[in-house]
Amino acid sequence: MSEKVYIFDTTLRDAEQVPGCQLNTIEKIEVARQLEKLGVDIIEAGFPISSPGDFNSVVEISKAVTNPTICALTRAVKKDIDVAAQALEFAKRGRIHTGIGTSPYHIYEKLRMTPETVIEQAVEAVKYARRFVDDVEFYAEDAGRSDEEYLARVIEAVIAAGATVVNIPDTTGYCLPNEYGAKIAYLKNNVPNIDKAIISTHCHNDLGMATANTLAAVQNGARQVEVTINGLGERAGNTALEEVVMAIKCHSNLDFDLGIDTKQIISTSKLVSNLMRMPVQANKAIVGRNAFAHSSGIHQDGVLKSRETYEIIAPEDVGVDQSSIVLTARSGRAALKHHLNEIGYTPEGEALDEIYQRFLELADKKKMITTRDLEVLVGTTHHCRMSIQLVGLQVVCGKSALPTATVQISFDGDIFTETACGNGPVDAAITAVKNITKRRVHIEEFLIQAITRGSDDLGKVHMQISHKGKMYHGFGANTDIVTASVESFIDAISKIA
Ligand code: KIV
Ligand code: ZN
């Protein structure tokens, strides 16, 4: 029988702490349910001491999902562990993930401690966490740059104190695959009690090596991988779940049981991208929109003769479909709900009403609504609940016209109207919104994508703005690209308050 490699998803913790990627509790539950459907073993649901929102999300996710273990992050301090234990009260299986830095940078510069006192604090924290739960994971922060012999002493001590999983993070994404693999092999061979715990990887992607490092670790004895959907996470991100899973599936010499329903990969990727307002780069492995597109004539000819000539993964194995038409303006609420459930969304009550309303508006304009359109609708429905809303928009543009936009916005219930000019209709409309809201913001990134194809398609706009040194992300989708741009801008500025 194949050996198990546990999939630990930290999208709701490591990725969610990225500026602009914050989700509310309802959105986090939606993602957690989809992760459960995907088949992950552990969901890291948050860092409960960091904010009441994080605490509440861990509580609600613990209630909402059944199969995965729910994990809560802490520093190696008692008050963090107390709060994490409280947040996990409703989890069927709860895990506390506690840890401390073990590299010279962390020990001497960040913590201002000694190597010995770090070990003492680590052991104390693990023992304390074991008072609340049987499953305690210890992370040696910046293990990638930690001395091997010292790291082995830390790991031996925390396992003796009761750690059931030992996480060896490459926090800064510094290691090369052979170095990281060798580090795991060293621990396997030099920590006397290592058989009492599972070794976990947690790789960041600063040098683009997170997936390679994770696989090198698995080949050297790691049996848990910490990953995120779309590789989102601090700075350049974490190891992408979809890459590790499909790399293992594609290589028969990596004979591991992962328990992942790979057909759920694309839906999960889209849900996370839409809710976190983080576009997926077109050429991203597995989930990018070009990942299965063959553009050169030679490749197209080859694939038509035999798929395997240029494809190592069948698109349908990861859930890529040909964007089937599912609904029209005559479809009722029950049909909409049924199709939303099929693609992993489970809105009820008011949330369903809001999506239905937006569905009707879209179906009026677009006639045929596809699965991809529904995914986008779910991602933009929160617009209805925002305190700033676009009420009206009229633009004059075209060759030799002076682009002018008149925008009407409702701001906490009051209606404001403004007209402005710009170098194009989007610029004019956004200038008008800026004049109404009086926010000094800069647009740092502005990305327009069509969802499927055709001139009647929905356009998606991702925008990143900066205000007083902080970044905010916005997302909008509409058949009218100027409206989508303004909605995306409003989505981003609504987060400033
Ligand atoms: O990157 C890291 O070291 C982490 C730990 C908190 C596990 O995210
Ligand atoms: Zn991390």
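How far is an oxygen atom of ligand 1 from an N or O atom in the side chain of Asp14? The distance is 3.1 Å, in a predicted model whose local features need pLDDT of at least 70 and whose side-chain atom pairs count only at pLDDT 80 or more, while totals for chains, interfaces and linings use all residues. Residues are numbered from 1 along each chain as its sequence is written, chains are lettered from A and ligands numbered from 1 in the order in which they are written, and side-chain values use heavy atoms, with hydrogens and water left out.

**View 1**

**View 2. The open sheet of 3 strands, in the order S13-S14-S15 with antiparallel pairing.** Strands pair if DSSP finds at least two bridges between them, and strands are DSSP runs of E with at least two residues, as helices are runs of H or I with at least four, numbered from the N terminus. The edge strands, S13 (388-396) and S15 (414-421), each pair on one side only. Strand S14 (residues 404-411) is joined to S15 by 8 bridges, and Ala405 stands opposite Ala420 in S15.

How values were computed
Polar contact = N/O pair within 3.5 Å; in protein donor to acceptor, adjacent residues only side chain to side chain.
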